[in-house]
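Work through the exercises below with the sequence and the 3D structure at hand, and try each task before reading its solution.

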Amino acid sequence: MIDPFANNHQSMQIGELVIENQQDKIIIYGDIDLTFDATGHQQAQQLHDLTSKILQAFENNTGYNNNDDKSKEKDDQLDKNIDNPFL
């Protein structure tokens with residue numbers, strides 16, 4: 001289990017769902033089939049535990065509304081003007 005927002009090197013996988021930890025964001029991609037069996041129950045429990053830890057991190061750190069800590073290098077959308085190819 002990752003420690004949400006604590007470092008830039010942890011990741012985990014639940015089914016085909018990949019969760020990557022960053023200090024300023026959690027990246028989740030892929031897919032998961034929650035089957036109605038023991039495996040599905042285990043995966044649902046892992047998702048529940050993960051989202052509980054993420055919510056707890058928000059509750060423990062009320063500074064998450066401050067975007068000053070977010071660097072441009074970590075942002076997915078850099079401030080660059082790109083010509084629109086459809087014009």
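Two strands are said to pair if DSSP finds at least two bridges between them. Keep in mind throughout that the model is predicted.

**Exercise 1.** Work out how many bridges join strand E1 to strand E2, and describe the hairpin that they form.

*Solution.* Begin with the limits of the strands: E1 covers residues 11-14, and E2 covers residues 16-21. Four bridges join these two strands, which run antiparallel, and in one of the pairings Ile14 has Leu17 of E2 as its bridge partner. Next, look at the turn, where one residue lies between the strands and Gly15 takes a positive phi near 60°. Finally, compare the faces of E1: Met12 and Ile14 make up the covered face, whereas Ser11 and Gln13 lie on the uncovered one.

**Exercise 2.** Check whether the span of helix H1 agrees with its number of residues, and then find which of its residues are buried.

*Solution.* At the start of H1, a side-chain oxygen of Asp37 comes within 3.3 Å of the backbone nitrogen of Thr39. The buried residues of the helix are Gly40, Gln43, Leu50 and Ile54, and their cover includes E1, E2 and strand E3.

**Exercise 3.** Find how far apart Ile26 and Ile54 are in sequence and in space.

*Solution.* Ile26 belongs to strand E3. Although 28 residues separate Ile26 from Ile54 in sequence, their C-alpha atoms are 8.7 Å apart. Ile26 touches Ile54, and its other contacts include Phe5 and Ile19.

Definitions and conventions:
Residues numbered from 1 in each chain as written. Predicted model: local features only at pLDDT ≥ 70, side-chain atom pairs only at ≥ 80, totals over all residues. Heavy atoms only, no water. Buried < 20%, exposed > 50% of the residue type's maximum accessible area, 1.4 Å probe, protein only. Expected span 1.5 Å × (residues − 1). Contact = heavy atoms within 4.5 Å. Polar contact = N/O pair within 3.5 Å; in protein donor to acceptor, adjacent residues only side chain to side chain. Lists of a residue's contacts leave out its neighbours within four places in sequence.
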